[in-house]
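Hi,

Here is the structure I promised to pass on.

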Amino acid sequence: MAKIIVVTSGKGGVGKTTTSAAIGTGLALRGHKTVIVDFDVGLRNLDLIMGCERRVVYDFVNVVNGEANLQQALIKDKRLENLYVLAASQTRDKDALTQEGVEKVINDLAKDFDFVLCDSPAGIEKGASLAMYFADEAIVVTNPEVSSVRDSDRMLGLLASKSRRAANGEDPIKEHLLLTRYHPERVSKGEMLGVEDVEEILAIRLLGVIPESTAVLKASNAGVPVILDDQSDAGQAYSDAVDRLLGKELPHRFLDVQKKGWMARLFGGRE
Ligand SMILES: Nc1ncnc2c1ncn2[C@@H]1O[C@H](COP(=O)(O)OP(=O)(O)OP(=O)(O)O)[C@@H](O)[C@H]1O
Ligand SMILES: [Mg+2]
């Protein structure tokens, strides 16, 4: 049976889809058969970031409606043997997904995969609650700013109360904090919250800290999950996070302000 993991946040635009693509790819790279499911009905971003947007014929809503089966709708990644995407529908209304429909698809995927990664839409409305409902674990993506931390805190409340696990009286969803778009220089200037501040407020296990990085935009423009750019700081930070998700203990990197070398100081370099 698969482990079902939701990538969620509350506040929008914090890096959920970037994270779903990176972590899903990282799990597949380590030999785990993984499917990333886009719950963001109406927007459909995941396929762009994964670079498979031109290969979407059938999507999640088609499967829920019985217009296509999973074999028809699953898109196999061209780079990795173990990696699949189930795209969201671009045109249908937001209410196209029902709890029963989603449950059937998730249960079917769980039979065949090691990991089912659910990329949640922002907010606390239906799409987000459906994305989290069947989860065993949650990656709560948070930016180091007050509004994002506050919304993540609300999300933790929902994860604890509105899930299949909660309804069945089972062990609660295992929660992981992923701090993204971390900018050590701005933290040191007091413009952003530091890792310890966020950890103290949310009080859940820190899965990783992903630095603010130009590699992320470059990768998403190219349709390549940033974890495949193993020279990049963000790619390496995501790689560590995947290892931690699989139980490895690793120290956190990219937390401190990088000292600029004389070349970078002279020519501007990376901030
Ligand atoms: N570590 C990072 N460094 C720099 N930019 C980043 C980083 N992570 C995400 N971004 C950028 O932030 C924007 C939002 O990212 P993404 O789409 O992954 O967020 P999201 O939480 O899925 O958004 P939504 O709530 O709309 O679904 C994108 O432009 C992405 O390139
Ligand atoms: Mg998204």
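The largest pocket holds about 500 Å³ of space. Of the 24 residues lining that pocket, Gly 13, Val 14, Gly 15, Lys 16 and Thr 18 are the closest to its centre. Bear in mind while you look around that this is a predicted model.

Which elements build the lining of the largest pocket, with at least two residues each? They are helix 1 (16-29), helix 2 (46-50), strand 7 (174-182), strand 8 (205-211) and helix 11 (214-222).

Eight strands make up an open sheet with mixed pairing, and their order is 3-4-2-5-1-6-7-8. Strand 3 (75-76) and strand 8 sit at the edges with a single partner strand each, so one side of each has no neighbour in the sheet. As a reminder, strands of a sheet pair through backbone hydrogen bonds, either parallel or antiparallel.

On one hand, strand 1 runs parallel to strand 5 and is joined to it by five bridges, with Ile 4 standing opposite Val 116 of strand 5. On the other, strand 1 pairs with strand 6 (residues 137-142), again in the parallel sense, over four bridges. In that pairing Val 6 is opposite Ala 138, and Val 7 is opposite Ile 139. Why call strand 1 largely enclosed by the rest of the structure? Because five of its six residues are buried, meaning that each of those has under 20% relative accessible area.

Helix 5 (residues 99-112) lies across strand 1, strand 2 (34-38), strand 4 (83-86) and strand 5 (115-119), and makes an angle of about 145 degrees with strand 5. Helix 10 (residues 195-202) lies across strand 6, strand 7 and strand 8, at about 150 degrees to strand 7.

A residue I would pick out is Thr 180, which belongs to strand 7. Is Thr 180 buried or exposed? Its relative accessible area is 2%, so Thr 180 counts as buried. Setting aside neighbours within four places in sequence, Thr 180 is in contact with Val 14, Thr 19, Val 141, Thr 142, Asn 143, Pro 144, Ile 210 and Tyr 238. Val 14, one of those contacts, is also among the residues closest to the centre of the largest pocket. Ser 120, for its part, is 60 residues from Thr 180 in sequence and 16 Å from it in space, C-alpha to C-alpha.

Finally, some backbone angles to check. Most residues other than glycine have a negative phi. Ala 203, though not a glycine, has a positive phi of about 50 degrees. Ala 203 is in the loop between helix 10 and strand 8, and its relative accessible area of 60% makes it exposed. Phe 254 is another non-glycine residue with a positive phi, near 60 degrees. You will find Phe 254 in the loop between helix 12 (233-245) and helix 13 (262-267).

Cheers

Methods:
Residues are numbered from 1 along each chain as its sequence is written. Chains are lettered from A and ligands numbered from 1 in the order in which they are written. This is a predicted model: local features need pLDDT of at least 70, side-chain atom pairs count only at pLDDT 80 or more; totals for chains, interfaces and linings use all residues. Side-chain values use heavy atoms; hydrogens and water are left out. On a 1 Å grid over the protein atoms alone, a cavity is a set of points where a 1.4 Å probe fits but cannot get out, and a pocket is an open set with protein on both sides within 12 Å along at least five of seven lines; lining residues have an atom within 4 Å of a point. Grid points are joined across faces, edges and corners, and a volume is the space filled by probe spheres set on the points. Two strands pair if DSSP finds at least two bridges between them. Contact means heavy atoms within 4.5 Å. Axes are lines fitted to C-alpha atoms, for helices over the stretch in contact, and angles run from 0 to 180 degrees between N-to-C directions. Buried means under 20% relative accessible area, exposed over 50%, partly exposed in between (1.4 Å probe, protein chains only).
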